[in-house]
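I opened this notebook to keep track of what I looked up in one protein chain.

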Amino acid sequence: MQQVTMSPSICLAILLLALVSPSPASASITNNNGVAVAAPRVPVAFQFLQGHNDARREVGVAPLEWNWTLGQDAKRYAAQLVVRCKLEPPKYIPPIYARNRYWGSGKQDGAAATGSWVYERRWYDHGANACAPGKECGSYKLVVRNTTRELGCACRTCRGSNDTVAVCSYSPGGNFADPPY
């Protein structure tokens with residue numbers, strides 16, 4: 001009997017697609033008859049991972065891998081945030097990992113959260129390792145930090161509204177005073 005083996009990354013991709021809850025599609029596609037149909041669902045984890053790795057590729061930084069433990073950490077923290085629907089420091093969870101937080105009006109997904117962090121790139125001056133005066137770019141720096149190897153994220157709908165909070169946890173986080181790449 002012949003034994004078939006798969007690489008760990010293939011196994012992870014299959015597991016990721018099988019276990020991660022999909023988010024609703026935000027676009028439509030057209031079938032062969034010109035009729036608009038719903039686009040296929042994309043798992044939230046893949047949305048976060050793809051957005052991060054696209055931004056990292058643009059600056060020559062190695063891609064991140066999904067970490068289920070970090071995902072659970074992000075999920076617990078997001079569960080705290082949905083109660084008041086505000087980006088508050090964690091109350092009961094010690095900050096073991098570096099984290100990005102997001103709040104969006106209405107139903108959002110992992111691509112929207114990651115896109116908002118990557119958007120801060122416009123205010124980051126790599127030569128000075130600083131943000132433009134009066135602007136924030138720390139979330140972008142965390143997305144592209146070259147010492148970070150893994151991430152896990154979660155997206156949740158707020159209680160009492162249709163707004164969204166999202167959290168990504170990163171490991172290792174690195175020294176924030178150092179340039180990210």
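What follows is my record of each look-up, in the order in which I made it.

**Ground rules.** I am working with a predicted model, in which local features need pLDDT of at least 70 and side-chain atom pairs count only at pLDDT 80 or more, while totals for chains, interfaces and linings use all residues. I number residues from 1 along each chain as its sequence is written, and I take side-chain values from heavy atoms, with hydrogens and water left out.

**Entry 1, disulfides.** I reminded myself that a disulfide is a covalent bond between the sulfur atoms of two cysteines; for the search, a pair of cysteine sulfur atoms within 2.5 Å is taken as one. I searched the whole structure and found three disulfides. When the bonded cysteines of the protein chain are numbered in sequence order, the pairing reads 1-5, 2-3, 4-6. Cys155 is in no disulfide, and the nearest cysteine sulfur, that of Cys168, is 8.5 Å away.

For the locations I used helices (H or I, at least four residues) and strands (E, at least two), which are DSSP runs numbered from the N terminus. For the surface I called a residue buried under 20% relative accessible area, exposed over 50%, and partly exposed in between, with a 1.4 Å probe and protein chains only. On that scale Cys155 is partly exposed, at 23% relative accessibility.

Cys85 and Cys158 form a disulfide with their sulfur atoms 2.0 Å apart. Cys85 lies in the loop between α3 and β6 (98-104) and Cys158 in the loop between β9 (150-157) and β10, so this pair ties together parts that are 73 residues apart in sequence. The link of Cys85 and Cys158 is right-handed, with 70° about the S-S bond, and both Cys85 and Cys158 are buried.

I then turned to Cys131 and Cys137, whose sulfur atoms are 1.9 Å apart in their disulfide. This link of Cys131 and Cys137 is left-handed, with -90° about the S-S bond. Cys131 is partly exposed, with a relative accessible area of 31%, whereas Cys137 counts as buried at 0%.

The disulfide of Cys153 and Cys168 has its sulfur atoms 2.0 Å apart. It links distant parts of the chain, with Cys153 in strand β9 and Cys168 in strand β10, 15 residues apart. The torsion about the S-S bond of Cys153 and Cys168 is about 110°, so this disulfide is right-handed. Cys153 counts as buried at 8% relative accessibility, and Cys168 counts as buried at 0%.

Which strands pair with β10, and in what sense? I counted two strands as paired if DSSP finds at least two bridges between them. β6 and β10 pair in the antiparallel sense over seven bridges, and in that pairing Arg101 has Val167 of β10 as its bridge partner. β9 and β10 also pair in the antiparallel sense, over eight bridges, and Leu151 stands opposite Tyr170 in β10. β9 and β10 form a hairpin with six residues between them, and Gly160 in the turn has a positive phi of about 80°. I noted that β10 is mostly covered, with seven of its eight residues buried.

Is Thr164 buried or exposed? Thr164 lies in strand β10 (residues 164-171) and counts as buried at 2% relative accessibility. I looked next for its polar contacts, meaning pairs of N or O atoms within 3.5 Å; within protein, one atom must be able to donate a hydrogen and the other to accept it, and residues adjacent in sequence count only if both atoms are side-chain atoms. The side chain of Thr164 reaches the backbone oxygen of Gly106 at 2.8 Å, and a polar atom of that side chain lies 2.9 Å from the backbone nitrogen of Gln108. With contact meaning heavy atoms within 4.5 Å, and neighbours within four places in sequence left aside, Thr164 touches residues including Tyr102, Trp103, Cys155 and Cys158.

Asp73 lies in helix α3 (residues 68-84) and counts as buried at 3% relative accessibility. A polar contact of 2.5 Å joins the side chains of Asp73 and Ser169.

Among the buried residues of α2 are Val44, Phe48, Leu49 and His52. Just after α2, Gly60 takes a positive phi of about 75°.
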